[in-house]
Amino acid sequence: MKSYRKELWFNTPSRVAFINITPQIEEAVRESGVKEGLCLVNAMHITASVFINDDEPGLHQDYRDWLEELAPHEPTSRYRHNRTGEDNGDAHLKRQIMGREVVVAITDGRLDFGPWEQIFYGEFDGRRPKRVLVKIIGE
């Protein structure tokens, strides 16, 4: 069995962002040489997410609006976490909702997606370097 590991780094200019990372994951699958296996993609920061959905701008704005309703950034005093000097209590909650990771099957050397599926990096407390782990195992 083969095992392959790669890190992707992001530094978004905005606090909240959704980035389609499917091309980078497809490249990692090619680099790994795995034809049949699994690909794990996970955010290595507790205020960021990796998720699968459609690459449609209206949906992404719906996510932003929905998440802001569920866990508004302001007032920052509403979050006990922010009493530590942070201002990102909302980002932790948003990450929990959107998820830490995805696992995608690899079949015949390609990500085995359903219709319209793409992999996204979700950032909820940006403006600093963060990483995503790609771990591929298989044959």
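Colleague: Where is valine 103 found?
Modeller: In this predicted model, valine 103 is in strand β5, which covers residues 101-107.

Colleague: And what does valine 103 touch, leaving aside residues up to four places away in sequence?
Modeller: Leaving those out, valine 103 is in contact with Leu38, Cys39 and Leu40.

Colleague: How many Å separate its C-alpha from the one of phenylalanine 124?
Modeller: Valine 103 and phenylalanine 124 have their C-alpha atoms 21 Å apart, and they are 21 residues apart along the chain.

Colleague: Which residues form a nonpolar patch on the surface?
Modeller: Met1, Leu38, Val103 and Ile137 form that patch. Together they have about 420 Å² of accessible area. Two of these names turn up again in the strand pairing, as leucine 38 stands opposite isoleucine 137 in β8.

Colleague: Nice, let's do the sheet then. What is the order of its strands?
Modeller: The order is β1-β8-β3-β5-β6, in an open sheet of five strands with antiparallel pairing. β1 (2-10) and β6 (110-111) stand at the edges. Each of these two has a single partner strand, so one side of each has no neighbour in the sheet.

Colleague: Which helix packs on that sheet?
Modeller: That is helix α1, residues 22-32. Helix α1 touches β1, β3, β5, β6 and β8, and its direction makes about 150 degrees with that of β1.

Colleague: How many bridges join β1 to β8?
Modeller: Nine bridges, with the two strands running antiparallel.

Colleague: Changing topic: how many salt bridges does a search of the whole structure find?
Modeller: The search finds eleven. One of them joins the side chains of arginine 131 and glutamate 7, at 3.0 Å from N to O.

Colleague: Why does that pair tie together parts apart in sequence?
Modeller: Because arginine 131 lies in strand β8 and glutamate 7 in strand β1, the pair links parts that are 124 residues apart in sequence. Arginine 131 has a relative accessible area of 23%, which makes it partly exposed. Glutamate 7 is partly exposed too, at 28% relative accessibility.

Colleague: What about arginine 15, what does it form a salt bridge with?
Modeller: Its partner is aspartate 90, and the closest N and O atoms are 2.9 Å apart. Arginine 15 lies in the loop between β1 and β2 (17-20), while aspartate 90 lies in helix α3 (residues 89-98), so this pair ties together parts that are 75 residues apart in sequence.

Colleague: Are arginine 15 and aspartate 90 buried or exposed?
Modeller: Both are buried.

Colleague: Which residue does aspartate 125 form a salt bridge with?
Modeller: With arginine 128, where the closest N and O atoms are 2.7 Å apart. Aspartate 125 is buried, at a relative accessible area of 6%. Arginine 128, at 36% relative accessibility, counts as partly exposed.

Colleague: Which residues are linked in a network of salt bridges?
Modeller: The network links Arg15, Glu68, Asp90, Lys94, Asp125 and Arg128.

Colleague: Back to α3 for a moment. Which of its residues are buried?
Modeller: They are Gly89, Asp90, Ala91, Lys94, Arg95 and Met98. Asp90 and Lys94 also belong to the salt bridge network.

Colleague: What do those buried residues pack against?
Modeller: The buried residues of α3 pack against β3, β4 (48-53) and α2 (57-70).

Colleague: And what comes just after α3?
Modeller: Glycine 99 is there, and it takes a positive phi of about 100 degrees.

Colleague: Last one: where is proline 115 found?
Modeller: Proline 115 is in the loop between β6 and β7 (118-123).

Colleague: Buried or exposed, that proline 115?
Modeller: Proline 115 counts as exposed, because its relative accessibility is 70% and the cut-off for exposed is over 50%.

Colleague: How many Å lie between the C-alpha atoms of proline 115 and asparagine 88?
Modeller: Those C-alpha atoms are separated by 34 Å, with the two residues 27 apart along the chain.

Technical notes
Residues are numbered from 1 along each chain as its sequence is written. This is a predicted model: local features need pLDDT of at least 70, side-chain atom pairs count only at pLDDT 80 or more; totals for chains, interfaces and linings use all residues. Side-chain values use heavy atoms; hydrogens and water are left out. Helices (H or I, at least four residues) and strands (E, at least two) are DSSP runs, numbered from the N terminus. Contact means heavy atoms within 4.5 Å. Two strands pair if DSSP finds at least two bridges between them. Axes are lines fitted to C-alpha atoms, for helices over the stretch in contact, and angles run from 0 to 180 degrees between N-to-C directions. Patches are made of residues with over 30% relative accessible area and no salt bridge: like charges are joined within 9 Å, nonpolar side chains (Val, Leu, Ile, Met, Phe, Trp, Tyr) within 5 Å. Accessible areas come from the Shrake-Rupley method with a 1.4 Å probe; for residues, only the protein chains shown count as cover. A salt bridge is a side-chain nitrogen of Lys or Arg within 4 Å of a carboxyl oxygen of Asp or Glu. Buried means under 20% relative accessible area, exposed over 50%, partly exposed in between (1.4 Å probe, protein chains only).
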